[in-house]
Amino acid sequence: MIGMNDRRSIGRTKISKGALLFFSGQTGVRSCGVADITNVGAGIRTQDLPVLPLNFELSFDNFRTVRKCRLIRRDGDFVGVAFEN
């Protein structure tokens, strides 16, 4: 359900799932928590990640599959991303 002040046109499904972030040109991965998701994007919580590139990859299954992401907004540790094709 979309709140009255929510500008998103697609309702998001609330979840609480761990995921991994990968940044091109950097070694290693970072863990994060996915708070909500749709087929076009997600809301994730980062931990101790002061800088986040505009484009990165996200995996829910230890990199058996990967979603390319574009940073849409950031509010502290909460990040909104759009899935790229």
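User: Where is arginine 30 found?

Analyst: Arginine 30 belongs to strand β2, residues 29-37 (strands are DSSP runs of E, at least two residues, numbered from the N terminus). The model is predicted, with local features needing pLDDT of at least 70 and side-chain atom pairs pLDDT 80 or more, while totals for chains, interfaces and linings use all residues. Numbering starts from 1 along each chain as its sequence is written, and side-chain values use heavy atoms, without hydrogens and water.

User: How does arginine 30 count for accessibility?

Analyst: Arginine 30 counts as partly exposed because its relative accessibility is 32% (buried is under 20%, exposed over 50%, partly exposed in between, with a 1.4 Å probe and protein chains only).

User: And which residues is it in contact with, beyond four places in sequence?

Analyst: Arginine 30 is in contact with Ala19, Leu20, Leu21, Phe23, Gln47, Asp48 and Leu49 (heavy atoms within 4.5 Å). The C-alpha atoms of arginine 30 and leucine 49 are 8.5 Å apart, although 19 residues separate the two along the chain.

User: Changing topic, how many aromatic pairs are there?

Analyst: The structure has two (Phe, Tyr or Trp six-membered ring centres within 6.5 Å; planes under 30 degrees apart are stacked, over 60 edge-to-face, the rest tilted). Phenylalanine 22 and phenylalanine 63 are edge-to-face, at 6.5 Å centre to centre and 80° between the planes. This pair links strand β1 to the loop between β4 and β5, 41 residues apart.

User: What about the other pair, with phenylalanine 23?

Analyst: Phenylalanine 23 and phenylalanine 56 are also edge-to-face, at 5.9 Å and 70°. Phenylalanine 23 is in the loop between β1 and β2, and phenylalanine 56 is in strand β4, 33 residues away.

User: Are phenylalanine 23 and phenylalanine 56 buried or exposed?

Analyst: Both are buried.

Conventions
Helices (H or I, at least four residues) and strands (E, at least two) are DSSP runs, numbered from the N terminus.
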